[in-house]
Amino acid sequence: MALLAGAVLVALTITLRGANRERDHALELQRHSYDVMILARSLAGTIARSEASLGRYVISGDRAMGQLYFDDWRLAESQIDRLDQLTSDNAAQDPSIRRLRKAYEARGQDLSETALSTTYGRNSQALARYYQSRKARALMTINGELDRIIARERRLLDSRVANASKSVARSSLIASILATFGLALVLGVIVLGWLSVRAVNERTRARDEAAAARERAEALASAVAEATSALQAREAVLRQVQKMEAVGQLTGGIAHDFNNMLAVVLGGLELARRHIATDPAGAERHLENAAEGASRAAALTRRLLAFSREEPLNPESIAAAELIDAMSELLDRTLGDAITLDVRHEADGWRVRADRVQLENAVLNLAVNARDAMGGRGTIRVTTAARRLAAGQVGACAAGDYVALSVADEGCGMTPDVVERVFEPFFTTKEKGKGTGLGLSQIFAFVQGLSGEIAIDTAPGRGTTVTLYLPRDLVAPMAAVVEEQPARIETETVGLDVLVVEDDPRVLAATLGALEELGHRAIGCDDPLAVPDLLARHPRVTLLVSDVLMPRQTGPEMVAGLRDRFPHLAVLFVTGYAGEGAGSELGIHQVLRKPFTLARLERAIAEAMRGQRLPAEPIAAE
């Protein structure tokens, strides 16, 4: 009996050890499968988080978001390498890993182009690329391959769990038989067998509970994913609604501003027509008012082009105090008689390097906003000061010298929620149709482009002070060179035969009339494709005046085709808008901006005939 009991004990020991080894091996395989599935889920989350950071970088331009996108994207690459290592023992996963890596590289290329567009300031292009990339095939391939990897691993896990359960069941059966047989031998063998069965059953229940908990967790993850997708869809709809609202505000504001300017032009021309016979001096005054209205309309066009980054900049060294003094008449006329302008200069002659037109527009916009905040009546204080700032003392300004240009009003002030949105494009507190909402956002872009900062000190009921901190220009300005104006037109630019190419019949007629007024013989053409035949029929033509953007063929394309046949021909381009690529396309030819005066046209013709190119002018009309 003792030997038999010992044999039973040995058999039970061997059986339990074998069951434990199989259990440990099964648990290790299960942990391996869980690691693969968790890593796949983590990889999907990392990619989603990286693309979300890129989206915030595209919208806000915050370089910290761009760094987050880059770090998460590199983390996703390391996770793919780790996933490849974990699945190396399963040959069925290798094709999916290769396709996943290829899709990841393609997706990274698309997102890199979007990030580069944002880095170089092409926000509209970057935003379009970002929304287009969300439907890219590479993204769907990544998600699909991750789902397939998880599905294969889950099937493998189920198979391993089933094998482990069979092993446990077999061990339990053997232990029960041995325990039953040992019951007849010795009470100790019975107790040992009963404890063994109980232990095995507890392990089985624990695995069953773990499997149930895993299923509940996966169901919860699926619900969260569905809720996230629904939220993203609602956010897309909201962005579209906000975009349409912004377009409506912009359209109404531009219509309002242009209608005001056209009213000045049309009213001045009508009054001049009525007084030209009876009151020539009065007619001249009305014509000057109409010309001023047209100049203001051209200035609005320049503001829109500058906002869209299409207007060329002309940075120069500017004394802040001198600029404000030179603008005093413009400010007085713009703000009205009910506004008192208080100018204080404390800049000690410090200068800034900026585009003069943009800086004047910034001051004028701040002054107009101050006037509107006071209801058109009160005192506006414009101050220039010299400031030496420590790093981070004002916003993100680096340590150094800054010219502080501030505009303060006694108006209603702003609430914190308005201050947070004040620099958003198209945002305005004015009524619909009373403004474009471009002013402060344009000022913000202008100051950021100079590595400066804007500070706003305001509160409801105590007015607003807006201060522009612009880096001091330490380079001494060159002495201005005064060019003597010629007393008369050079003989080689008098009585020229000129071919004018313009698709707009009204502009063509006006240009022909202007050239004839200057004493030239002008020939009109509204089709650039007909120019070679016209030049062949009129060999005396020495100057070609052409628009840049035309429907059938652009001006630069037309001139490029004429270069070999008519090498003697001088070229003068006339344009109101040429776009970003115009600089290289126009080559060395003279460019005249619309609208233009007779004096400006005369100078441009002289420069074109001399084969020289004038520097780019930021002012559209002279």
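This is a predicted model: local features need pLDDT of at least 70, side-chain atom pairs count only at pLDDT 80 or more; totals for chains, interfaces and linings use all residues.

Student: Why are α13 and α17 called roughly perpendicular to each other?

Tutor: Angles of 65 to 115 degrees count as roughly perpendicular. The crossing of α13 and α17 is roughly 75°. The two helices are therefore roughly perpendicular.

Student: Which residues of α13 and α17 meet?

Tutor: From α13 come Ala514, Leu515 and Glu517; from α17 come Leu598, Leu601 and Ile605. The residues of this contact divide into five nonpolar, no polar and one charged.

Student: What makes Glu517 the charged one?

Tutor: Glu counts as charged, whereas Ala, Leu and Ile count as nonpolar.

Student: Now the sheet. In what order do the five strands of the open sheet stand?

Tutor: The order is β9-β8-β10-β11-β12, with parallel pairing. At the edges stand β9 (521-525) and β12 (590-593). The twist averages 20° from one strand to the next.

Student: What makes β9 and β12 stand at the edges?

Tutor: Each has a single partner strand, so one side of each is left without a neighbour in the sheet.

Student: How do you know that β11 and β12 pair?

Tutor: Pairing needs at least two bridges. Strand β11 (residues 570-575) and β12 have four, in the parallel sense.

Student: Which strands does α17 lie across?

Tutor: α17 lies across β10 (543-547), β11 and β12. It runs at about 170° to β12.

Student: Next, accessibility. Why is Asp355 called buried?

Tutor: Buried means under 20% relative accessible area. Asp355 has 6%, so it is buried. Asp355 lies in strand β3 (residues 351-355).

Student: Why does Asp348 count as exposed?

Tutor: Exposed means over 50%. Asp348 has 66% relative accessibility, so it counts as exposed. Asp348 is found in the loop between β2 (339-346) and β3. Its phi is positive, about 55°, although Asp348 is not a glycine.

Student: Is Ser451 buried or exposed?

Tutor: Exposed, with a relative accessible area of 55%. The cut-off is again over 50%. Ser451 sits in the loop between α12 (439-449) and β6 (453-458). Phi of Ser451 is near 65°, a positive value in a residue other than glycine.

Student: How do you know that β6 and β7 pair?

Tutor: At least two bridges are needed. β6 and strand β7 (residues 464-471) have six, in the antiparallel sense. Ile456 stands opposite Val466 in β7. The hairpin of β6 and β7 has five residues between the strands, and Gly461 takes a positive phi near 95° there.

Student: How many helices and strands are in the chain?

Tutor: There are 17 helices and 12 strands. Buried residues make up 39% of the 622 residues.

Methods: Residues are numbered from 1 along each chain as its sequence is written. Side-chain values use heavy atoms; hydrogens and water are left out. Axes are lines fitted to C-alpha atoms, for helices over the stretch in contact, and angles run from 0 to 180 degrees between N-to-C directions. Angles under 35 degrees count as roughly parallel, over 145 as roughly antiparallel, 65 to 115 as roughly perpendicular and the rest as oblique. Contact means heavy atoms within 4.5 Å. Buried means under 20% relative accessible area, exposed over 50%, partly exposed in between (1.4 Å probe, protein chains only).
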